[in-house]
Amino acid sequence: MLAEDTNTRAWQVYGQRQLARGYAPPVPDRLCWTPWDGVGPGAEALGDVTGRRVLDIGSGAGHHAVHLAKAHGARVTGIELSPTQHERAVLAHADVDGVEFVQADVTEYLAGAEPYDAAYAIGTLAFIDPHRSLPALRDGLRPGAPLILSLLHTDLHGRGPSTEVTPRKQMILLRDDPPLPTQMWVLAPQLWEDLLTEYGFRVETIDLLPHPDESALVIQQLIHARRLPDRPSRVSSRPRSTPAEREGHLAGPAPPRHPRTAWRHCGG
């Protein structure tokens, strides 16, 4: 089974279990990028979203989207692949102004959507192949739009991130239920920066957010990126290149890379 198919099945089962319990997470008073209250910034990470179109990637039960709409005046689209997770959001929040919930694959949805002013993913983008998600997000965001990603860095067992763009087995843990196996792209900060840069984003900061209990090993990373402007096409009076130039034999120097992002380790 392909990695993303494994994840689709896991979140389908997860949503079904939560529907059976009738559980809907409360709408938070503050947007939280980690599973731990009070760790990291709040909605200010997205900038001023009042009246702006914001995409919640993997919106799950919809509580984060509702918080942004009610507390910050954003116009939020919650995109969710799992039908059962989407059902949870609609059952709990269908009547909330400023929020719409869409059940779809985010890459397919963005191909036909008007570009958004901002996008974020809280623990969800690691379940999608970045070579598929990041180019879709670039095309689905306006130039200069922020993209804020909360991602696993080190798991509960102290296993750190990978330096290769490959998924690995991780578990979704549920109280009173068997764990659900998934395949996640748990990647090192440097690798996320390289991927985002490759697909048209500028990474501004990467914060490492440890668990507030110092004895716990798990660490989240919070990436602040921004969609780069489109490059204007050049009109030149220079004659067309010769075959040698097209092969790169007379190519000029490569443009300089941007300075490396500073990674910050933030205390709990």
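Reader: Which residue forms a salt bridge with Arg138?

Author: Asp139 does, and the closest N and O atoms of Arg138 and Asp139 are 3.8 Å apart. A salt bridge here is a side-chain nitrogen of Lys or Arg within 4 Å of a carboxyl oxygen of Asp or Glu. The model is predicted: local features need pLDDT of at least 70, side-chain atom pairs count only at pLDDT 80 or more, and totals for chains, interfaces and linings use all residues. Residues are numbered from 1 along each chain as its sequence is written, and side-chain values use heavy atoms, with hydrogens and water left out.

Reader: Is Asp139 buried or exposed?

Author: Asp139 is exposed, because its relative accessible area is 53%. The classes are buried under 20% relative accessible area, exposed over 50%, and partly exposed in between, with a 1.4 Å probe and protein chains only.

Reader: And which side chain meets Arg227 in a salt bridge?

Author: That of Asp230, at 2.9 Å from N to O. Salt bridges with shared partners join Arg138, Asp139, Arg227 and Asp230 into one network. Within it, Arg227 is buried at a relative accessible area of 6%, whereas Asp230 is partly exposed at 46%.

Reader: How many salt bridges does the structure hold?

Author: The structure holds 12. Another one of them links Arg202 and Glu204, with the closest N and O atoms 3.1 Å apart. Arg202 counts as partly exposed because its relative accessibility is 36%, and Glu204 is also partly exposed, at 34%. Side chains of opposite charge can pair when their charged atoms come close.

Reader: Changing topic: where is Gln221?

Author: Gln221 is in strand β9, residues 219-227. Helices (H or I, at least four residues) and strands (E, at least two) are DSSP runs, numbered from the N terminus. Gln221 counts as buried because its relative accessibility is 0%.

Reader: Which backbone oxygen does the Gln221 side chain reach at 2.9 Å?

Author: The backbone oxygen of Leu187.

Reader: What else does Gln221 touch?

Author: Not counting residues up to four places away in sequence, Gln221 touches several residues, among them His153, Pro189, Trp192, Ile206 and Asp207. Contact means heavy atoms within 4.5 Å.

Reader: Which strand holds Gly78?

Author: Gly78 lies in β2, residues 75-80. Gly78 counts as buried because its relative accessibility is 0%. Its C-alpha atom is separated by 8.4 Å from that of Gln103, 25 residues apart along the chain. Leaving aside neighbours within four places in sequence, Gly78 is in contact with Asp56, Ser59, Glu100, Phe101 and Val102.

Reader: Which residues have the most contacts inside the largest nonpolar core?

Author: Leu68 and Tyr120, in a core of 64 residues. A nonpolar core is a set of buried Ala, Val, Leu, Ile, Met, Phe, Trp, Tyr and Cys residues joined through side-chain atoms within 4.5 Å. Beyond its neighbours within four places in sequence, Tyr120 is in contact with residues including Trp33, Val54, His64, Leu68 and Ile148. A second, separate core of 5 residues includes Ala10, Tyr14, Ile172 and Leu180.

Reader: What about the protein as a whole: how many helices and strands are there?

Author: There are 7 helices and 10 strands. Of the 268 residues, 47% count as buried. Among contacts with a separation of 6 or more, 69% involve residues 24 or more positions apart.

Reader: Where is Leu156 found?

Author: Leu156 is in the loop between β5 (146-154) and β6 (168-174). Leu156 counts as exposed because its relative accessibility is 54%.

Terms used
A polar contact is a pair of N or O atoms within 3.5 Å; within protein, one must be able to donate a hydrogen and the other to accept it, and residues adjacent in sequence count only if both atoms are side-chain atoms.
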